[in-house]
Amino acid sequence: MSKALCGVRADCGTSYQKLEKFASLVREQLNFAPHEAINPLRLFEDLHEIRIRQSDGHTIPLRSGVIVLEDSEGYARYDRDKKLIEILASEKIYDWLEQGHPRAGYFVTHELGHCVLHTDQLIRLAQMPANQQTALHRDRVGHQPFQDTEWQANAFASALLMPARGMASLEKKYGYLNVLLLADQFGVSREAAGYRLEQFNKRMNDLLS
Amino acid sequence: MPERFGDLLRKERRKADKTLGNVARLLGVSVVYLSDVERGNRKPLSNERIVKISGFLETDPAPLMEAADRERGFIEYDIRKARPLEADVVGGLVAGLARGGVKDDQLHAIQKILNGEIDAK
């Protein structure tokens, strides 16, 4: 949720409006209504139902898995042998998913953002030798927030967890919108709800168009 | 191409609305282990475990067993649990195959009986 840039330069810059549309398409594929809270465990278990498209139009299967990880929550990666993209979560994240911990929902939607938005980059990364991958991650200067892979995945996660259309319908129903209402309705942390509410108030027209 | 054991297991599991955690706890294995099996990074489960899971998922174990056999490259069969006649026939056939003592015409005849093309009587 940090505003500091911590990713690499994405192939394409992306606006909040575009990210909202991508997130809305994913919700449609998974049959989640805009006002409905996403069940992160269900999302993780049913990732194979989401179709990921490369820029050349090819569809790539998406899978989830749980692996032993000591120093990371997990990551998305392209498997060259199986020709699919996987979101791999640590056992701790899977435990949190079963317990309904908001952090786990954020992890899954953030990594899904990488799969949807950075498909070509994940594939290229998988074909690079390890030293080139490290060098790529060290080079984090010279791009704007909207071009940053981590910024994009964060914004996508927010839009997927708390769609602007769902927020607007909540506001209509209750006559107000605040952090507690958002966090409660969408099952997210107060921090994530606060950040999203700030963006929603600033860009409501763009996000709802 | 026939479906991989892991893919089939995941499909049946989600059809029954069960999570990795539900099935891992049923079998007494870790979520990582079960996830590895579904991702094809470990060998398919034993037939005993497949039967247990199938009961839990309320599904037919046969397709899972067939997929597991294909991937293992051998068929799991406990001759100690077989009826005496079954044990004699299967034991005799397997022992004969292992020694290279079963001829093609004999195998064709067995195949025809199994396919119902000729009456065994």
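Which residues of α3(B) are buried? In this predicted model, they are B:V31, B:V32, B:L34, B:S35, B:D36, B:V37 and B:E38, where buried stands for under 20% relative accessible area, exposed for over 50% and partly exposed for values in between (1.4 Å probe, protein chains only).

Conventions for all views. Residues are numbered from 1 along each chain as its sequence is written, and chains are lettered from A and ligands numbered from 1 in the order in which they are written. Local features of the predicted model need pLDDT of at least 70, side-chain atom pairs count only at pLDDT 80 or more, totals for chains, interfaces and linings use all residues, and side-chain values rest on heavy atoms, with hydrogens and water left out.

**View 1. Helix α3 of chain B and its surroundings.** This helix spans residues 31-38 of chain B and is mostly covered, with seven of its eight residues buried. Helices (H or I, at least four residues) and strands (E, at least two) are DSSP runs, numbered from the N terminus. The buried residues of α3(B) pack against β3 and α3 of chain A, together with α1 (5-15) and α2 (20-27) of chain B. B:G40 follows α3(B) and has a positive phi, near 80°.

**View 2. The interface of chain A and chain B.** Contact, defined as heavy atoms within 4.5 Å, involves 18 residues of chain A and 14 residues of chain B. The area buried between the two chains is about 1200 Å², of which carbon and sulfur atoms give 47%; buried area is the accessible area (1.4 Å probe) that two parts lose on being put together, summed over both. A:E45, A:V66 and A:K82 supply 35% of the area that chain A buries against chain B, more than any other three residues. Ten residue pairs across this interface are in polar contact, both members being at pLDDT 80 or more. On the side of chain A that touches chain B, the elements giving two or more residues are α2 (40-45), β3 (62-67), β5 (84-90) and α3 (91-99) of chain A. The largest share, five residues, comes from β3(A). By class, this side of chain A has six nonpolar, three polar and nine charged residues; Ala, Val, Leu, Ile, Met, Phe, Trp, Tyr, Cys and Pro count as nonpolar, Asp, Glu, Lys and Arg as charged, and the others, Gly among them, as polar.

View 3. Five salt bridges are found across the interface of chain A and chain B, a salt bridge being a side-chain nitrogen of Lys or Arg within 4 Å of a carboxyl oxygen of Asp or Glu. The side chains of A:E86 and B:R39 meet in a salt bridge with an N to O distance of 2.7 Å. A network of salt bridges links A:R77, A:D79, A:E86, B:D36, B:R39 and B:R42. Within chain A, the closest N and O atoms of the A:R77 and A:D79 salt bridge are 3.0 Å apart. A:R77 is partly exposed at 30% relative accessibility, whereas A:D79 is buried at 7%.

View 4. Leaving aside neighbours within four places in sequence, B:R14 is in contact with A:R42, A:E45, A:D46, A:H48 and B:T19.

**View 5. A buried salt bridge within chain B.** B:R13 and B:E38 form a salt bridge whose closest N and O atoms are 2.7 Å apart. The pair links distant parts of the chain, B:R13 lying in helix α1 and B:E38 in helix α3 of chain B, 25 residues apart. B:R13 is buried at 1% relative accessible area, and B:E38 is buried at 5%.

View 6. The side chains of A:K202 and A:E198 meet at 4.0 Å, N to O. These residues are separated by about one helical turn because they stand four residues apart in helix α10 (residues 190-208) of chain A. A:K202 is exposed, with a relative accessible area of 56%, and A:E198 is partly exposed at 34%.

Notes:
Polar contact = N/O pair within 3.5 Å; in protein donor to acceptor, adjacent residues only side chain to side chain.
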